[in-house]
Amino acid sequence: MVYDMILPALPFIGGYLFTYSLCRMDLIKKALHVNIWNFIIGAAFLISGGAGFILLLFMEFG
């Protein structure tokens with residue numbers, strides 16, 4: 001089984017490089033760049049954790 005990892009990762013890599021370049025050009029502060037990516041990582045954790053919990057409930061209760 002082959003998992004396609006590049007295509008789903010491209011928007012995140014592009015977004016990170018975009019905010020990083022804005023930070024390097026002093027258009028945004030480094031703290032904002034870090035906060036944006038902390039939010040994205042936290043949201044991804046909550047979504048995947050919530051989906052895992054829902055799948056657990058489905059397995060337990062049929």
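## Helix pair

The axes of α1 and helix α2 (residues 30–61) come within 9 Å and cross at roughly 165°. This geometry belongs to a predicted model. Angles over 145 degrees count as roughly antiparallel, and α1 and α2 are therefore roughly antiparallel to each other. The crossing in which α1 passes α2 is right-handed.

## Nonpolar surface patch

A nonpolar patch lies on the surface, formed by Ile6, Leu7, Leu10, Ile13, Tyr16, Leu17 and Tyr20. Together these residues have about 710 Å² of accessible area.

One of the patch residues, Leu10, has its place in helix α1, which covers residues 6–24. Leu10 has a relative accessibility of 46% and so counts as partly exposed, since that class lies between the cut-offs of 20% and 50%.

## Loop between the helices

Asp26 sits in the loop between α1 and α2. The phi of Asp26 is positive, at about 60°, although this residue is not a glycine. Most residues other than glycine have a negative phi.

Is Asp26 buried or exposed? With a relative accessible area of 67%, Asp26 is exposed, because the class begins over 50%.

Helix α2 contains Gly42. The relative accessible area of Gly42 is 28%, so this glycine is partly exposed.

How far apart are the C-alpha atoms of Gly42 and Leu57? They are separated by 22 Å, and the two residues are 15 residues apart along the chain.

Note on methods:
Residues numbered from 1 in each chain as written. Predicted model: local features only at pLDDT ≥ 70, side-chain atom pairs only at ≥ 80, totals over all residues. Heavy atoms only, no water. Patch = residues over 30% accessible without salt bridge, like charges linked within 9 Å, V, L, I, M, F, W, Y side chains within 5 Å. Areas by Shrake-Rupley, 256 points an atom, 1.4 Å probe, with all protein chains shown as cover. Salt bridge = Lys/Arg side-chain N within 4 Å of Asp/Glu carboxyl O. Helix = DSSP H or I, 4+ residues; strand = E, 2+ residues; numbered from the N terminus. Buried < 20%, exposed > 50% of the residue type's maximum accessible area, 1.4 Å probe, protein only. Axes fitted to C-alpha atoms, helices over the stretch in contact; angles between N-to-C directions. Parallel < 35°, antiparallel > 145°, perpendicular 65-115°, else oblique. Left-handed = near helix turned anticlockwise from the far one by under 90°.
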